[in-house]
Amino acid sequence: PRIPGISGKSWPKTIPDAEAEKKAAGAPPEKWSPEEIAAAKAHCTAVLSHIHAVAIPQEPIREGGCGTPAPIQLISIGRDPEVALSPPAIVNCDFAEALDDWVAKDVQPLAEKNFSNKVIKIEVMSSYSCRTAYGRKGNKLSEHALANALDIRGFVTAGGRQAYVL
């Protein structure tokens, strides 16, 4: 049958026809391929083996152009002290590695200098979220949409001091 007002279009479409139309339009596939998932998990295992992190592997996330094939729920990073993320964050392993490095090289030295204590908790406002970046032209995806960002509310030191991000 034909739909009035839509020339050349027939209805209903088959699922293969709809998938072919999406692919032709440049839409990302609805799922990660088994090869993409395996490669991402192997990369993640390698990354996590050389940083101090407590992480729980999660199922692949794919929402249009958003997601990651090997997300983790990041519980804590660092050692001496271990820094808890509250609540735990959904991120990718490369981000976990960058966060571990940032906390060790920047956050902890500043906390010791300014508070005479190390940070033991990062208060998280948001992590993975399929959304665009505010203020970017063309509605580009936020790094949150790729599990590659974290919004931090504040930090808590071993002495109980709190520092909030304004």
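**Cysteines, helix packing and backbone features**

Cys66 is buried, its relative accessible area being 2%. The model described here is predicted. In this model Cys66 lies in strand 3 and is joined by a disulfide to Cys130.

**The disulfide of Cys66 and Cys130**

- The sulfur atoms of Cys66 and Cys130 are 1.9 Å apart.
- The torsion about this S-S bond is about 70°, so the disulfide between Cys66 and Cys130 is right-handed.
- The pair links distant parts of the chain, 64 residues apart: Cys66 belongs to strand 3 (residues 66-68), and Cys130 to the loop between strand 6 (119-126) and strand 7 (151-157).
- Is Cys130 buried or partly exposed? Its relative accessibility is 37%, and Cys130 therefore counts as partly exposed. Cys66, at 2%, is buried.
- Apart from neighbours within four places in sequence, Cys66 is in contact with Ile61, Tyr128, Cys130, Arg131, Leu141 and Ala145.
- One of these contacts, Tyr128, is 62 residues from Cys66 along the chain, with 9.3 Å between the two C-alpha atoms.

**The disulfide of Cys44 and Cys93**

- The other disulfide joins Cys44 to Cys93, with an S to S distance of 1.5 Å.
- With bonded cysteines counted along the chain, the disulfides follow the pattern 1-3, 2-4.
- In general, a disulfide is a covalent bond between the sulfur atoms of two cysteines.

**Packing of helix 2 and helix 3**

- The axes of helix 2 and helix 3 come within 9 Å and cross at roughly 15°.
- Because angles under 35 degrees count as roughly parallel, helix 2 is roughly parallel to helix 3.
- The crossing of helix 2 and helix 3 is left-handed.
- Helix 2 contributes His43, Cys44, Val47 and Leu48 to the contact, and helix 3 contributes Cys93, Asp94 and Glu97.
- The residues of this contact comprise four nonpolar, one polar and two charged.
- Cys44 and Cys93, which take part in this contact, are also joined to each other by a disulfide.

**Overall arrangement of the chain**

- The chain contains three helices and eight strands.
- Read from the N terminus, its elements follow the order α-α-β-β-β-β-β-α-β-β-β.
- The chain has 166 residues, and buried residues make up 30% of them.
- Of the contacts between residues at least 6 apart in sequence, 54% join residues at least 24 apart.

- His52 is situated in the loop between helix 2 and strand 1 (53-57).
- With a relative accessible area of 35%, His52 is partly exposed.
- Beyond residues up to four places away in sequence, His52 touches Ser76, Ile77, Gly78, Arg79 and Asp100.
- His52 and Glu82 are 30 residues apart in sequence, and their C-alpha atoms are 8.3 Å apart in space.

**Cis peptide bonds**

- Asp80 is joined to Pro81 by a cis peptide bond, with omega near 5°; Pro81 lies in the loop between strand 4 (72-77) and strand 5 (83-91).
- The peptide bond between Ser86 and Pro87 is cis as well, with omega of about -5°; Pro87 is placed in strand 5.

**Positive phi values outside glycine**

- Ser116 is not a glycine, yet its phi is positive, at about 55°.
- Ser116 is found in the loop between helix 3 and strand 6, where it is exposed, with a relative accessible area of 63%.
- Ala147 likewise has a positive phi, near 60°, and is a residue other than glycine.
- Where is Ala147 found? Ala147 is in the loop between strand 6 and strand 7.
- Ala147 is buried, with a relative accessible area of 0%.

Definitions and conventions
Residues are numbered from 1 along each chain as its sequence is written. This is a predicted model: local features need pLDDT of at least 70, side-chain atom pairs count only at pLDDT 80 or more; totals for chains, interfaces and linings use all residues. Side-chain values use heavy atoms; hydrogens and water are left out. A disulfide is a pair of cysteine sulfur atoms within 2.5 Å. Helices (H or I, at least four residues) and strands (E, at least two) are DSSP runs, numbered from the N terminus. Buried means under 20% relative accessible area, exposed over 50%, partly exposed in between (1.4 Å probe, protein chains only). Axes are lines fitted to C-alpha atoms, for helices over the stretch in contact, and angles run from 0 to 180 degrees between N-to-C directions. Angles under 35 degrees count as roughly parallel, over 145 as roughly antiparallel, 65 to 115 as roughly perpendicular and the rest as oblique. A crossing is left-handed if the near helix is turned anticlockwise from the far one by less than a right angle, and right-handed if clockwise. Contact means heavy atoms within 4.5 Å. Ala, Val, Leu, Ile, Met, Phe, Trp, Tyr, Cys and Pro count as nonpolar, Asp, Glu, Lys and Arg as charged, and the others, Gly among them, as polar.
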